[in-house]
Amino acid sequence: MRWLLLRSLLEGPAVIDPPAPGADALAELATSLGDLSRRKLGRSLSIREVDAGSCNGCELEIHALNNPVYDVERFGIKFVASPRHADVLMVTGPVTWNMKQALERTYAATPAPKWVVAIGDCGLNCGVFAGGAAVVGPIASVIPVDLHIPGCPPTPLDMLKGLIALVDRMA
Amino acid sequence: MNAPAPAALNDLLQGDTAGRDGFARLRVDEPTWTRLAMGCAAGLHDLGAIWHDAGDVSMLLLDPRAGHRAIVSLATVAGAYPAVSRHHLPASRLERTLRDLGAGRPVGMPDPRNWIDHGVWPNAAPGQTNPRPDKSYEFLPIEGEGWHQIPVGPVHAGIIEPGHFRFTANGELVVRLEERLGYVHKGIEALAAGADIDKVARIAARISGDATVAYSFAFALAVEAALGWTPPPRATLLRGVMAELERLSHHINDVGFICNDASVVALQARCAILREDILQVAARCFGHRLMMDRIVPGGVAADLPADGAAAIETCLKRCETDFAAVMRVYDNSPSLLDRTVTTGVVRPELAARFAAGGHVGRASGRAFDARRNFPYAPYGEVDFAVATRRAGDVDARVWVRVDEVHSSIAIIRDLLARLTPGPITTPRPVAQGPAVGAAMVESFRGDVFIHVRLDADGKVARLHARDPSCFQWPLLEAAIEGNIVADFPLCNKSFNCSYSGHDL
């Protein structure tokens, strides 16, 4: 263990340089986040992730956001275990009928002010699952969405750019 | 009157030759169907899948020792047929799913409760002629004093898929876990019906996004078998490379997460860096971090660039040294081993009865690996040992994964060394009327099974996908019994079952 920890010190950080905020994300947030909804959160955001019907592809890349390479916590962004602790709901998947109520309840349990980030092509337009009888629709058809980060799945870097835009916009 | 005796697949198969896809196809009558179901319970063969298609119900039966696999079909009477689960309980959730989603009606099910149908669909499932009248769901009752229940989910505390777990405990001691799944049911099989092959290939790649390479691989093999389509040799080797990179990335990642659940965060960080390394190499070599949609019917959609093999080799070297360092710490940390050894035991008899695939089966002595037992290209010519353990605990599942990390690295090197320049796809043959094809591919989680029926125009008439998790989820309920609540995350992560692949 000591050898492993010492090596980590000697090798230097694995982390990448911070990317610039995503231009698309800034444009979408400029319209979705009105001046009234902006709050001084001290550049700190707590995120609760909700899988509303994803294939688990997006979850894998959201996990990667927390790895030492992307290290999302250095931007003040933290994943939390309860919607009651969250400022942002990060939602994936086309919303399935079987998950609709759980998503609505999670949204209701999140204290205001709150924002919703829809992840992936499925979150935007249901992706390959569009038209499925067991699918309600995209996330915006169930709860209000402030920011979309498309991709199948979006890369951690894409998500990082979107989230930095969110922090910048709200700070 | 004599009671029916269990029948063995082996005895029925005399003279039957397997189709192009390696599966024998048999039509049976009701008594034989029931005797085969009893044969599953008697351990004469393994149950692989059950599905309903156009008035027929079919089950996949496997006899890995004799090297036989067969799709046995029975004509139903308006969907009705004798339930397999009446004799063989591992069929229970498969038949509840079949009943909830379509026109099949298993008669005599021991557990007739809803499964995928949560009673919230605006319409009956497509093709379902018998929507369930009772939409309520009752968990198994508990009797006695001092028990309490802990409901968890469907929205969990971590970044994971949704499912509901109902623990019955006394203090910290769990005496029963009951799972309730189906939350991410997207209607995949219904979406695939009538769609063209390219669209269904994209859907199949997203049945379970973490096993996207394995699902695309299985779908491609099934379609190729149906159409008599042969991918070029270079594509076949590249498929193997992608499948092994996927396996490597998950095994390393999951070992890291198991350490994380025992609060040894430094090991998880090291594993996460290795996983990121593999995904970046995958993106560089094949154009997608998860290699989604890179295996297509007829070949592969991305060729390895000239410097690709060298990039993969650099990554493999790093995996070898760093993962060995991680496992040295794992093996020398009593506090970590205290959490994994003897935790979450799956008895070998249970793993065999459920025909559990992947590391769950192999850590409990079931030496089944689709790459070895029913080899598909390129694995027929690849030499590797199937890793098994007998202990069946979290630690055994960790070590099976570690062994597979080593064998995957060796397989990738072997396949890369055999690569020669050439085309990566072959053109699709014209469909010669309706056709069927099946395939079984070993994902990091276990054997993925895909069955397709193509109509005369070459469109997909019916897709059936069976995730390895279908036979692993029930064993998780058994594994946690008698453990403490705090050890559930370790057990769960050591299984790492798919929700999306199970719910479809």
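This is a predicted model: local features need pLDDT of at least 70, side-chain atom pairs count only at pLDDT 80 or more; totals for chains, interfaces and linings use all residues.
Although B:Leu504 is not a glycine, its phi is positive, at about 60 degrees. The residue is buried, with a relative accessible area of 6%. A positive phi also occurs at B:Asn496, near 50 degrees, directly after H16(B). B:Asn496 belongs to the loop between H16 and helix H17 (500-503) of chain B and is buried, its relative accessible area being 14%. Its side chain makes a polar contact of 2.7 Å with the side chain of B:Asp254. When residues up to four places away in sequence are not counted, B:Asn496 touches B:Asp254, B:Arg401, B:Phe444 and B:Arg445.

Helix H16 of chain B, spanning residues 488-495, has 7 of its 8 residues buried and is therefore largely enclosed by the rest of the structure. The buried set consists of B:Phe488, B:Leu490, B:Cys491, B:Asn492, B:Lys493, B:Ser494 and B:Phe495.

B:Arg445, one of the residues touched by B:Asn496, forms a salt bridge with B:Asp210, with the closest N and O atoms 2.7 Å apart. This pair links distant parts of the chain, 235 residues apart: B:Arg445 lies in the loop between strand S12 (435-442) and strand S13 (447-454) of chain B, and B:Asp210 in the loop between H5 and helix H6 (212-227) of chain B. Both partners are buried, B:Arg445 at 0% relative accessibility and B:Asp210 at 2%.

A further salt bridge in chain B joins B:Arg466 to B:Asp447, the closest N and O atoms being 3.1 Å apart. Here 19 residues separate the partners, with B:Arg466 in strand S14 (residues 460-466) and B:Asp447 in strand S13 of chain B. B:Arg466 is buried, with a relative accessible area of 1%, and B:Asp447 counts as buried at 5% relative accessibility. Salt bridges that share partners also connect B:Glu244, B:Arg247, B:Arg362, B:Asp369, B:Arg371, B:Glu404 and B:Glu442 into one network.

The side chains of B:Glu178 and B:Arg113 likewise meet in a salt bridge, at 2.8 Å from N to O. B:Glu178 is in strand S9 (residues 173-180) of chain B, whereas B:Arg113 is in the loop between strand S6 (105-107) and S7, 65 residues apart. B:Glu178 counts as buried at 5% relative accessibility, as does B:Arg113 at 18%. Over all chains, 43 salt bridges are found in the whole structure.

Contacts between the chains involve 51 residues of chain B and 50 residues of chain A. The two chains bury about 3,900 Å² between them, with carbon and sulfur atoms giving 66% of this area. On the chain B side, B:Ile159, B:Lys186 and B:Arg270 lose the most area to chain A, together accounting for 19% of what that side buries. The interface contains 3 salt bridges and 20 residue pairs in polar contact, counted with both residues at pLDDT 80 or more. At least two residues of the side of chain B that touches chain A come from each of helices H4 (188-192), H5 (197-204), H7 (233-261), H8 (265-286) and H9 (308-331) of chain B. H8(B) supplies the largest share of that side, 10 residues.

B:Arg270 also meets A:Glu11 in a salt bridge between their side chains, at 3.6 Å from N to O. A:Glu11 lies in helix H1 of chain A and is partly exposed, with a relative accessible area of 48%. A:Glu11 and A:Ile164 are 153 residues apart in sequence and 27 Å apart in space, C-alpha to C-alpha. Helix H1 (residues 2-11) of chain A also contains A:Leu9, which is exposed, with a relative accessible area of 69%. A:Leu6, A:Leu9 and A:Leu10 make a nonpolar surface patch of about 380 Å².

In chain A, a cis peptide bond joins A:Cys152 and A:Pro153, with omega about -20 degrees. A:Pro153 is placed in the loop between strand S7 (147-149) and helix H6 (156-170) of chain A. In chain B, B:Gly153 and B:Pro154 are joined by a cis peptide bond, with omega about 15 degrees; B:Pro154 is found in the loop between strand S7 (148-152) and strand S8 (164-170) of chain B. A:Cys126, although not a glycine, has a positive phi of about 75 degrees. This cysteine lies in the loop between helix H5 (120-125) and strand S6 (135-137) of chain A and is buried, with a relative accessible area of 5%.

Terms used. Residues are numbered from 1 along each chain as its sequence is written. Chains are lettered from A and ligands numbered from 1 in the order in which they are written. Side-chain values use heavy atoms; hydrogens and water are left out. Buried means under 20% relative accessible area, exposed over 50%, partly exposed in between (1.4 Å probe, protein chains only). Helices (H or I, at least four residues) and strands (E, at least two) are DSSP runs, numbered from the N terminus. Patches are made of residues with over 30% relative accessible area and no salt bridge: like charges are joined within 9 Å, nonpolar side chains (Val, Leu, Ile, Met, Phe, Trp, Tyr) within 5 Å. Accessible areas come from the Shrake-Rupley method with a 1.4 Å probe; for residues, only the protein chains shown count as cover. A salt bridge is a side-chain nitrogen of Lys or Arg within 4 Å of a carboxyl oxygen of Asp or Glu. A polar contact is a pair of N or O atoms within 3.5 Å; within protein, one must be able to donate a hydrogen and the other to accept it, and residues adjacent in sequence count only if both atoms are side-chain atoms. Contact means heavy atoms within 4.5 Å. Buried area is the accessible area (1.4 Å probe) that two parts lose on being put together, summed over both.
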